[in-house]
Amino acid sequence: ALDVAVDNSGALRSRTGQVLITATASHSMWAKPGLCLVAQGTSLRRMDESGTLVTLGTLDAAAPISYAESNGVVYFSNGTDTGRIVAGALREWGVRTPSGQPQVVGTAGGLPPGRYLYAMTFLRDDGMESGSHNPGIIELTDIGGISFLSMPASTDSSVVGKALYISAPNGTELYRIAVV
């Protein structure tokens, strides 16, 4: 018999059929109730309950993907790309560091003369903060201030602020002085 299933009692019933969702070669499928992910080439896609595939993003490599879930967030990596799926949307795993340090100039103020280190980081809407490159250095020869100019911008739409850091005069540790 074709297209029938035999149950434990020996009775025949019609076998459940299959439906082709996509003819595109797919790999690295992962699922949990309410979320199904699959890769097609360099596209990472989410499959909804009807089988419709929605592109979440484009990866740099078409390599097999490993997934892990923690606290409702699905993290993934293929050895080249990393990311996380939050509420069905693709987000970066971490926060990319700024492309460099802001430009600074000495200005009027009440800081004592000395060598100051300064740095900037990005702040994401979920509270995560980026790292920073090596700090910049400014030398104040007289009492004055430091004005931050031309700060790097983030291309990540979830970045909602920038944190500015500065050292004590001739210091080596940076302290957060402002969030903009």
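Contact, as the word is used in these legends, means heavy atoms within 4.5 Å. The structure shown is a predicted model.

**Figure 1. Confidence along the predicted chain.** The protein averages a pLDDT of 92, and 98% of its residues score at least 70. Confidence is lowest in strand β2, residues 12-14, where the mean is 79, and it is highest in strand β13, residues 136-140, with a mean of 98.

**Figure 2. Surroundings of Tyr 116 in the largest nonpolar core.** With neighbours within four places in sequence left aside, Tyr 116 is in contact with Leu 111, Gly 136, Ile 137, Ile 138, Leu 140, Ile 146, Ile 166, Ser 167, Ala 168 and Pro 169. The largest nonpolar core has 13 residues, and Tyr 116 is one of those with the most contacts inside it, together with Val 104, Tyr 118, Phe 122, Ile 138, Ile 146 and Phe 148. Two or more residues of this core come from each of β12 (114-124), β13, β14 (144-149) and β15, and β12 contributes the most, with 4 residues. Apart from this core lies another, of 12 residues, which includes Leu 56, Tyr 67, Phe 76 and Ile 85.

Figure 3. Tyr 118 belongs to strand β12 and Phe 148 to strand β14, so that the pair links distant parts of the chain, 30 residues apart. Both Tyr 118 and Phe 148 are buried, and both are among the residues with the most contacts inside the largest nonpolar core.

Figure 4. Strand β15, residues 159-167, and strand β16, residues 174-179, pair in the antiparallel sense over 5 bridges. Within this pairing, Leu 164 stands opposite Ala 178 in β16, while Ala 163 stands opposite Val 179 in β16. The two strands form a hairpin with 6 residues between them, and Asn 170 lies in the turn.

Figure 5. Most residues other than glycine have a negative phi. Ser 150, although not a glycine, has a positive phi of about 45°, and Asn 170, again not a glycine, has a positive phi of about 60°. Ser 150 lies in the loop between β14 and β15, whereas Asn 170 is found in the loop between β15 and β16. With a relative accessibility of 52%, Ser 150 counts as exposed because the cut-off is over 50%. Asn 170 is exposed as well, at a relative accessible area of 54%.

**Figure 6. Pro 98 and the residues that surround its loop position.** Pro 98 has its place in the loop between β10 (89-91) and β11 (103-111). Its relative accessibility is 1%, so Pro 98 counts as buried, for which the limit is under 20%. Not counting residues up to four places away in sequence, Pro 98 touches Met 120, Thr 121, Phe 122, Ser 130, Gly 131, His 133 and Pro 152. Phe 122, one of these partners, is also listed among the residues with the most contacts inside the largest nonpolar core. Pro 98 and Gly 10, in turn, are 88 residues apart in sequence and 67 Å apart in space, taken from C-alpha to C-alpha.

**Figure 7. The open sheet β3-β4-β5-β6.** This open sheet is formed by 4 strands in the order β3-β4-β5-β6, with antiparallel pairing. Its edge strands are β3 (27-32) and β6 (53-58), each of which pairs on one side only. Neighbouring strands of the sheet are turned by 25° against each other on average, with direction ignored. Inside the sheet, 4 bridges join strand β4, residues 35-40, to strand β5, residues 43-47, and these two strands run antiparallel. The bridge partner of Ala 39 in β5 is Leu 44.

Notes: Residues are numbered from 1 along each chain as its sequence is written. This is a predicted model: local features need pLDDT of at least 70, side-chain atom pairs count only at pLDDT 80 or more; totals for chains, interfaces and linings use all residues. Side-chain values use heavy atoms; hydrogens and water are left out. pLDDT is the predictor's confidence in each residue, from 0 to 100. Two strands pair if DSSP finds at least two bridges between them. A nonpolar core is a set of buried Ala, Val, Leu, Ile, Met, Phe, Trp, Tyr and Cys residues joined through side-chain atoms within 4.5 Å. Buried means under 20% relative accessible area, exposed over 50%, partly exposed in between (1.4 Å probe, protein chains only). Axes are lines fitted to C-alpha atoms, for helices over the stretch in contact, and angles run from 0 to 180 degrees between N-to-C directions.
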